[in-house]
Amino acid sequence: MTLSTLILIALGLGIVFGSGLHGFFPAAIGPLDRYLLDPTGRAFLRLIQFVVVPIVFSSLILGLTRVQNATRVGRYLVKLLSGYVLTSSLALGIGMGMALLLQPGAGMAGFSETVAVKSVAPVSPIDWLVSLIPVNPIAALGSGNLLQVIVAGVLFSAGIASAGEKARPFVDFLESLYVISEKILSVVLYVAPVGVFALIASVIATQGLELVARLFFYVFGLFLSSALMIGFYTLVLWFLKAKPARFYSFLAESLSLAFGTASSNAALPVVLRDIQEYGLPEEIASFAIPLGTVLKRDGSAILQGFNALFIAQVYGVPLTPSLVLAIALSGLLVSFSTPGVPGSALITMTTVLSAAGLPLEGVALVAGVDRLTDGFKTVLNVVGNTVNAIFLNAWEERETGDRFFPREDRSIAESSEN
């Protein structure tokens, strides 16, 4: 069996095992979760995250040193950010439209779930931009701040280009670091089914599926919104003649891991490997995929708009044009600053609620099912990130008179030309 199949089987077994524990052996949940399921899941996530920074840092620099053109890097950045804003706005609109269509919060009452709700103070755009520049590159690598890692990688790439042959030993070191990190990743992925089983079983065992039944239209609305956005990206792939079926086949492991871990950061090394095997050039992939992992959050955009309108419906807040506009603007901005870790979108949602004047206590209504819906939102994040990178490559090639082909099709095209 392929790794993606094993991960999906592990997900199914984890749901069955967790449901069985929750329904028939409630007394065993506490010790099993504390001493086995939760530690196993967290250990697996830490193993995956162990290779994230070295792979991102080394692949980014190696990719940019092949570009050797600062103007081209700037062009990549402008095109990517333009695509991010347009597609994230579409995702936000789909989420808000679905909430208005299904009315999942209408007439809902009687919830007793409580969580510690903390208001997240909004960061000014200027402060956020300044914070992207690392004071210490080693500290940026050590803290795992991927945006700072990307900025550090770009600065190192500029220095390497200026240093010429004197930088060759450092580039050789990075090439070794990249290969070693990929080998570590391949070893870690052997235990992926066990880690995914533990993660999903822990959630189901401790929370059960009853809450999903009570919030059926809420969960269904988020799932349908994500599916519609993935459908849009599939149409984009078809329009680019980028073979959607081949794309999803090559990214099967990445998407399975994204669903199981609910973490874009954890899936990043596998996504970077799979998208290059699919055929995306390394110089595009090594820059666009890490950048999109920290900025491109279609799942978060859907969640922000959908949840805010859901909470407004629960509390009977009238949907005035100013309220809808406040949700849309704040939701779009917040989606770009949501960390790629499980549950982060739920915390940053308090910024959207505050901007729209909605009660922060509404977070408690959806906290119980957030981990269950986080999986398909993360899958959407990965699909959105990779398709935007493919679109960038197609855009670049069309400007030079070429056409985008996945790797298999490139060889066919080149042989026919020869």
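In helix H11, the buried residues (under 20% relative accessible area, whereas exposed means over 50% and partly exposed lies in between, with a 1.4 Å probe and protein chains only) are Tyr-218, Val-219, Gly-221, Leu-222, Ser-225, Ser-226, Met-229, Ile-230, Tyr-233, Val-236 and Leu-237. The structure is a predicted model, in which local features need pLDDT of at least 70 and side-chain atom pairs count only at pLDDT 80 or more, while totals for chains, interfaces and linings use all residues. Residues are numbered from 1 along each chain as its sequence is written, and side-chain values use heavy atoms, with hydrogens and water left out.

H11 covers residues 216-239. Its 24 residues reach 34 Å from the first C-alpha to the last, close to the 34 Å expected at 1.5 Å a residue; the expected span is 1.5 Å times one less than the number of residues. H11 is followed by Lys-241, which has a positive phi near 60 degrees. Lys-243, in the loop between H11 and helix H12 (244-250), also has a positive phi, near 55 degrees. With a relative accessible area of 41%, Lys-243 is partly exposed.

## The protein as a whole

The protein has 20 helices and zero strands. Both are DSSP runs numbered from the N terminus: helices are H or I with at least four residues, and strands are E with at least two.

Of its 418 residues, 52% count as buried. Contact means heavy atoms within 4.5 Å; among contacts between residues at least 6 apart in sequence, 83% join residues at least 24 apart.

A cavity is a set of points, on a 1 Å grid over the protein atoms alone, where a 1.4 Å probe fits but cannot get out; lining residues have an atom within 4 Å of a point. Grid points are joined across faces, edges and corners, and a volume is the space filled by probe spheres set on the points. The count comes to three cavities of 30 Å³ or more. The second largest cavity has a volume of about 50 Å³, and its lining includes Ser-264, Ile-289, Thr-293 and Asn-385. Helices H14 (264-278), H15 (282-295) and H19 (363-399) each supply at least two residues of this lining. By class, the lining has four nonpolar, five polar and no charged residues. Ala, Val, Leu, Ile, Met, Phe, Trp, Tyr, Cys and Pro count as nonpolar, Asp, Glu, Lys and Arg as charged, and the others, Gly among them, as polar.

In H15, 12 of the 14 residues are buried, so this helix is largely enclosed by the rest of the structure. Among the buried residues are Phe-287, Ile-289, Gly-292 and Thr-293. The end C-alpha atoms of H15 are 20 Å apart, in agreement with the 20 Å that its 14 residues should span at 1.5 Å a residue.

Gln-148 belongs to helix H7 (residues 146-163) and is buried, with a relative accessible area of 15%. Leaving aside residues up to four places away in sequence, Gln-148 touches Ser-131, Leu-132, Ile-133, Pro-134 and Ala-140.

Gln-103 lies in the loop between helix H4 (70-102) and helix H5 (125-131). Although Gln-103 is not a glycine, its phi is positive, about 50 degrees. At 35% relative accessibility, Gln-103 counts as partly exposed.

Note on methods. 1 Å grid on protein atoms, 1.4 Å probe; cavity = no way out; pocket = protein on both sides within 12 Å on 5 of 7 lines; lining within 4 Å.
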